[in-house]
Amino acid sequence: MMLVPVTYKGGIYQHDIVEDLIEDLGGYVVQKHILAQEVVLQCFVPRDDIELIREISRPLFGEVTDSPLVGTEIAIVSMSLEIHHLPHPSCDIAEYVRRLGAKSNMVSLARGPGKRIAGLNDEERDVINEHDIAVYLLGNFETCIEYKMPTLRRGIEVPIVLCGGPDIEVLKKIIDPPVDGYVGNVGRFMRRTKEADQLDKLDEIVAEITRVLEKKRDEIAKDPLSVSPARLMGVIREKIPEILDVTSPTPLTVQMAGLRVKLPYDTFAERLRHIEIEDGIQLGDIAEVHPSRMRDYILVRVLPFSETNTVI
Amino acid sequence: MLAVEYFEVECPEPLGAEYYKQIANDVLLDHNLLKVVDKLHIFIDPRVPVFVAVGILRKITTVVRVGDFANVNPQEGKMTLVISDETYLAPMLKIFWERFGKDKVEQPDRFTVILYDVPVQAKEIEEIVVADPSESVHKDLIYALRCIAPEGFRLRSEVFTGSKFLFVASENTLAEDIGTLIKEKFALMGEVPP
């Protein structure tokens, strides 16, 4: 059964019918937002059943759209939190990918700006590595990008999409070894992205992120995960009810090959490891439970089939 | 940038210059400084790296008076001011309190101020000077130029005189002969440094 990420948008009235349907079909609701009279569900559903969901939600005026970024956690790496980079373009991009279902976190570097003085510390490196992909938002000058990029990517193991002011060909030429994705002509700017051409640029960034993530998905598919992170999310929610009291917008953040559990590591890690998923298989058998560098959260990394010989 | 007589951004990277022209335009526009700047020349060399902004200011003669942002309606025993722009509301109230006393000034809501039994005509009230934008223009300009300059350039040298200004920034110690560069950039505008 091939699960695909989609977004359901509809009225609050009888939306539980759609939610139940998704679960009955074997899908998972990753995020649920209720905004006044509207409900937005970001979910994974079986590819063959999308039409059925559309059919059933039609009388409720529900809308099902493809959302390739659902179930991913993206690090938007901004060079600083100064007025120079915020709210444009960093927040604009972070917000735009969020609209398409991704959970984006803004990672701002303590010493990101400048040319010679730019640097990346170990905490920043580890936090970026906890995400599925890192989107680097750099400046307008190719000289600076060429000079500082080797420093800023040191130790980064996740795919990088680089956004910078120069043209895409120039970016490709100056970055060595190459990164996974490039978007040119998006450097530092100090105006809101609201014109059609600026929105096209945001779409281009999303397209590039999607392309790189698809590649990563294909890699994962070659050695499938022992359990789907979305399923793990449901199990944790059921077995550790304390997660329901967490006020964070996404207490369980689904990633492509794991999930972030926003509970203190010291208190909950052992309990988490011993959760039974199915037929006596515990979470600790098929996933690694690490302390996250982000606050005192827990990071669960699901192991691939080749390491556990189990798929549930 | 219609109001600025001369506006150039010089950079060895043409695309970078184009972006910085846009940034400078946006920042000056946001900070309402376009009508203040007469000439502006920005030079950026990311290879050094250095950022130089030199320019000429226009004389600001206008002051903000109560009549510019409020409608004064004299009534029997009182005067009602209908405020259309709140920006200068606080300094205006302060002036009224000092001049007439707090008991004679009432503000029932955000956009209304009522003066009771004040011994002046409506015309005089309208003429009261509330703010002088030229007082803060240098401060605003320094802030704007800090926003325009690349963020890592934290070593700065600024000179702001009556009508001329220069702003140099870099992440390295500024070169000793930076004065020559500044002179060159002023010469491009047909001016001499302050």
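Which hand does the crossing of helix 1 of chain B and helix 5 of chain B have? Some notes on that and on its surroundings follow.

1. This is a predicted model, in which local features need pLDDT of at least 70, side-chain atom pairs count only at pLDDT 80 or more, and totals for chains, interfaces and linings use all residues. Residues are numbered from 1 along each chain as its sequence is written, chains are lettered from A and ligands numbered from 1 in the order written, and side-chain values use heavy atoms, leaving out hydrogens and water.

2. To your opening question: the crossing is right-handed, the near helix being turned clockwise from the far one by less than a right angle. The two axes (lines fitted to C-alpha atoms over the stretch in contact, with angles from 0 to 180 degrees between N-to-C directions) come within 9 Å and cross at roughly 150°. That makes helix 1 of chain B roughly antiparallel to helix 5 of chain B (over 145 degrees). Contact (heavy atoms within 4.5 Å) involves B:Tyr20, B:Ile23, B:Ala24, B:Val27 and B:Leu28 of helix 1 and B:Leu141, B:Ala144, B:Cys147 and B:Ile148 of helix 5.

3. Of its 35 residues, B:Leu28, B:Ile42, B:Phe51, B:Leu141, B:Leu145 and B:Ile148 touch the most other members. Apart from it lies another core, of 31 residues, including A:Phe44 and A:Leu225.

Note on methods: Core = buried A, V, L, I, M, F, W, Y, C linked by side-chain atoms within 4.5 Å. Buried < 20%, exposed > 50% of the residue type's maximum accessible area, 1.4 Å probe, protein only. Helix = DSSP H or I, 4+ residues; strand = E, 2+ residues; numbered from the N terminus. Parallel < 35°, antiparallel > 145°, perpendicular 65-115°, else oblique.
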